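Take a look at the sequence and the 3D structure below. Keep both in view as you read.

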Amino acid sequence: MTQDELKQKVAEAAIPYVRDVAIIGVGTGSTVNHFIDYLADFKADIEGAVSSSIASTERLKKLGIPVFDLNAVGTLDVYVDGADEISPHKHLIKGGGGALTREKIIAAASKKFVCIADGSKQVDVLGAFPLPVEVIPMARSYVARELVKLGGQPVWRENYITDNHNEILDVHNLNILNPIELEQIINNIVGVVTVGIFAMRPADVVLVSVGNDIITL
Ligand code: 5RP
C-alpha cells in the first residue's frame, strides 16, 4: 500500500468516532483531506464542522459541509486531526502543514481528540521531525536565539505565512525526552504564538494504519 492509501484507510477508520456527532472538529493535512472526503458521504446527517485552517475550510465548503466559527459553537465533542510524529504516550508533533495554532485551539476546546496517521509517524522519542514554532514576525530572530539556547537549530520557513499572519521556525536536532516540560518552556518565550508539541493536551485516541491493520493507541 502507498503512504497515501494508508492515510485514506486510517481516515476511514475515524468515521465511527464522529457518526453521531453534530458538529465535528476538523484538522488539516493530507490525511484529514481524506477524512473530509468521507465526511461528505454523510453530510446530510451532520450540522457541520469547525475547521483548523483556511485549506480545510475550503475543502469542507466545496463538498457542501457548513463551517462554523468555534466561538459560536463552544465545546466540541470530537476533533479529528493528523500528526507529524506520535509518541507511545500519545504526545504529538504537529504543524508540518503550518496550522498548529488553530489545531491546538480546537484540540483544547474538544472533549475527545482522535489522531489519525499512517505508521511512519510513530516514534519512540519526539524530535526527529523538525519542531514547528509559530512566531510573531518581529520576534523571529529573538525566538530563534532562545531556541538555540535550548539545543535546537531553528530554520525559518521562508516565504510562508500562517493563516494567522505569523511566521514559522522549524527546529531541528531536538531530542524531546520531556515533551510537557519543553512545551511549557517554549510557550514561555516571548513572541512565540504556538509550539507544535501537543503534550499538555495529547491525543485521546490514536489510530495508526500499518499494512492492512488499524492499530488503536
Ligand atoms: C498540519 C498538521 C498535520 O496534521 C500534519 O502535518 C500531518 O499532515 P499529513 O496528514 O499531511 O501527513 O499538523 O499543521
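## The model

This is a predicted model. Every value here is computed.

## The cavity

Rolling a probe the size of a water molecule over the atoms shows where empty space is left. In this structure, one cavity of 30 Å³ or more turns up. The largest cavity has a volume of about 30 Å³.

Which residues line the largest cavity? Ser52 is on the list, along with Gly98, Ala99, Thr101 and Arg102. Glu134, Thr162, Asp163 and Asn164 complete the lining. Sorted by class, the lining has five polar residues, three charged ones and one nonpolar one.

## Histidine 165

Most residues other than glycine have a negative phi. Histidine 165 is not a glycine, yet its phi is positive, at about 65 degrees. Where is histidine 165 found? The place is the loop between β8 (153–156) and β9 (167–172).

Is histidine 165 buried or exposed? Its relative accessible area is 63%. The cut-off for exposed is over 50%, so histidine 165 counts as exposed.

## Asparagine 173

Asparagine 173 also has a positive phi, near 65 degrees, and is a residue other than glycine. This residue lies in the loop between β9 and α7 (179–187).

Asparagine 173 has a relative accessible area of 55%. That value makes asparagine 173 exposed too, because exposed means over 50%.

Technical notes:
Residues are numbered from 1 along each chain as its sequence is written. This is a predicted model: local features need pLDDT of at least 70, side-chain atom pairs count only at pLDDT 80 or more; totals for chains, interfaces and linings use all residues. Side-chain values use heavy atoms; hydrogens and water are left out. On a 1 Å grid over the protein atoms alone, a cavity is a set of points where a 1.4 Å probe fits but cannot get out, and a pocket is an open set with protein on both sides within 12 Å along at least five of seven lines; lining residues have an atom within 4 Å of a point. Grid points are joined across faces, edges and corners, and a volume is the space filled by probe spheres set on the points. Ala, Val, Leu, Ile, Met, Phe, Trp, Tyr, Cys and Pro count as nonpolar, Asp, Glu, Lys and Arg as charged, and the others, Gly among them, as polar. Helices (H or I, at least four residues) and strands (E, at least two) are DSSP runs, numbered from the N terminus. Buried means under 20% relative accessible area, exposed over 50%, partly exposed in between (1.4 Å probe, protein chains only).
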